[in-house]
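Subject: Structure handover

Hello,

Here is the structure I promised to pass on. Please open it first, then read my notes below.

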Amino acid sequence: MSTSLEMRKIQKWYGGLHVVRDFDLYVEPGEFVTFLGPSGSGKTTALKMIAGFEPPNGGDMLLGSRSIVDVPPYERGIGMVFQNYALFPHMTVAENVAFPLKVRRVARGEIEQKVLRALGLVKMVEYRGRYPNELSGGQQQRIALARAIVFDPSLLLMDEPLGALDRNLREHMKIELMRIQKELNITVIFVTHDQDEALVMSDRIAVINEGKLVQVADAKSLYYRPQDRFVASFVGESNLLPCRVDQVENGAGRVTIGHQQSGVVRLSGQSRGESAWLFVRPEHVEISARGARADVGNVLDGVVENALFLGELTRYVVRCGQESITVKQQNRGQPQFTNGSPVSVSWDAGNSMVLN
Ligand SMILES: Nc1ncnc2c1ncn2[C@@H]1O[C@H](COP(=O)(O)OP(=O)(O)OP(=O)(O)O)[C@@H](O)[C@H]1O
Ligand SMILES: [Mg+2]
């Protein structure tokens, strides 16, 4: 029942603005792929082209083995949930969910059965006689989801479906969505600009910036091996220190940060003499009293500029020359450093890498 989706060099222009550039993406049957990117990066536009509400200006799109660029939206068999769930206000919950089946001229008995099944999946059967204005935001969103899946779509598109919900409800709906997706084994493309949502829910995340797919990978690869500076700073918190590459061997090398040479770090295609960024996550940076560490390599001396005790961890900002380095230290009873303390920060070369 679930289908693959393939985008081949998909383009979209609005006037002189190239909004979606060269989208090349294969989504496997049953896969949950998230489009993650800042506001205006082209996420909704990409979704609208898949759904058939906007024609692409170039490229091809296949659902399974069938090209869909010339197929009208209602014949694509794609379910869609929007941020503003827009239920029909004059219809009951059951009538709302039945709507896509009525449009498809499904027999009445079958409609009843499918509506109950869809409402069951979102745990809203007992609300079937209510009107949308008698439901909470989260309940309305569930109905919108039931309406999108009731006709067994081969692909489900969701554009920031949790955006309007409060934090608790969002957490809950995240888990529900994942459960329903697994239960139906449906192919999903989910849009968000919330990185936590993306990391938790997706099989793979497609990071989009200025209309381009920057990196498509699973959460761990994105987090630990971002392809460039944009991905590193958009997914999770990161330190990016300007550096110069001075040794290169087999994809690894040493860089100089300020006046200090690093241990051997992974490069991403840089050559000798190039300026780049050394990337290291705050939780991979150690903080210690100045001089307490004898090892050389990835150590910088600095002064604590800001210390925030957050219970399970302390977040430090350490000024090292021109650079500020963020450190997240798990609290296990060790001494805390206060503002102005002279400290050293250090990290394992293996936990850092050089990015363009
Ligand atoms: N119908 C349109 N006509 C002209 N420009 C448009 C149109 N729709 C979108 N755009 C522009 O295309 C770009 C991408 O818009 P899009 O809605 O896809 O962004 P998005 O990634 O979904 O952003 P957000 O996270 O804010 O929803 C924006 O610069 C937007 O202004
Ligand atoms: Mg959008």
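Let me start with one loop residue. Asparagine 250 counts as exposed because its relative accessible area is 78% (exposed means over 50%, buried under 20%, partly exposed in between, with a 1.4 Å probe and protein chains only). Asparagine 250 sits in the loop that links strand E11 (239-249) to strand E12 (252-257). Helices (H or I, at least four residues) and strands (E, at least two) are DSSP runs, numbered from the N terminus. Asparagine 250 is not a glycine, yet its phi is positive, at about 50 degrees. Most residues other than glycine have a negative phi.

Before the rest, a word on the source. This is a predicted model, in which local features need pLDDT of at least 70 and side-chain atom pairs count only at pLDDT 80 or more, while totals for chains, interfaces and linings use all residues. Residues are numbered from 1 along each chain as its sequence is written, chains are lettered from A and ligands numbered from 1 in the order written, and side-chain values use heavy atoms, without hydrogens and water.

Aspartate 152 is partly exposed, because its relative accessibility is 27%.

Glycine 129 is in the loop between helix H3 (108-121) and H4. Its relative accessibility is 54%, so glycine 129 is exposed. Serine 352 is 223 residues from glycine 129 in sequence. In space, the two are 57 Å apart, C-alpha to C-alpha.

The ligand

Which residues come nearest to ligand 1? They are Ser39, Gly40, Lys43, Thr44 and Thr45, out of 13 residues around it (a residue is near a molecule if one of its heavy atoms lies within 4 Å of it). By class, that shell has four nonpolar, seven polar and two charged residues. Here Ala, Val, Leu, Ile, Met, Phe, Trp, Tyr, Cys and Pro count as nonpolar, Asp, Glu, Lys and Arg as charged, and the others, Gly among them, as polar.

Strand E2 (17-27) and helix H1 (43-51) each supply at least two shell residues. H1 gives the most, with three.

Now the ligand's oxygen atoms. One is 2.7 Å from an N or O atom in the side chain of lysine 43. An oxygen is 3.0 Å from a polar backbone atom of glycine 42. For serine 41, the distance from a ligand oxygen to a polar backbone atom is 3.2 Å. On its own, ligand 1 has 640 Å² of accessible area, and the protein covers 60% of it (Shrake-Rupley method, 1.4 Å probe).

The pockets

A pocket is an open set of points on a 1 Å grid over the protein atoms alone, with protein on both sides within 12 Å along at least five of seven lines; lining residues have an atom within 4 Å of a point. A volume is the space filled by probe spheres set on the points.

The largest pocket has a volume of about 550 Å³. Its lining counts 21 residues, with Phe53, Ile78, Met80, Pro100 and Phe151 nearest the centre. By class, 17 are nonpolar, one is polar and three are charged. Strand E6 (78-81) provides the largest share, four residues.

The second largest pocket has a volume of about 220 Å³. Among its lining residues are Pro242, His259, Cys320 and Glu323.

Best wishes

Note on methods. A polar contact is a pair of N or O atoms within 3.5 Å; within protein, one must be able to donate a hydrogen and the other to accept it, and residues adjacent in sequence count only if both atoms are side-chain atoms. On a 1 Å grid over the protein atoms alone, a cavity is a set of points where a 1.4 Å probe fits but cannot get out, and a pocket is an open set with protein on both sides within 12 Å along at least five of seven lines; lining residues have an atom within 4 Å of a point.
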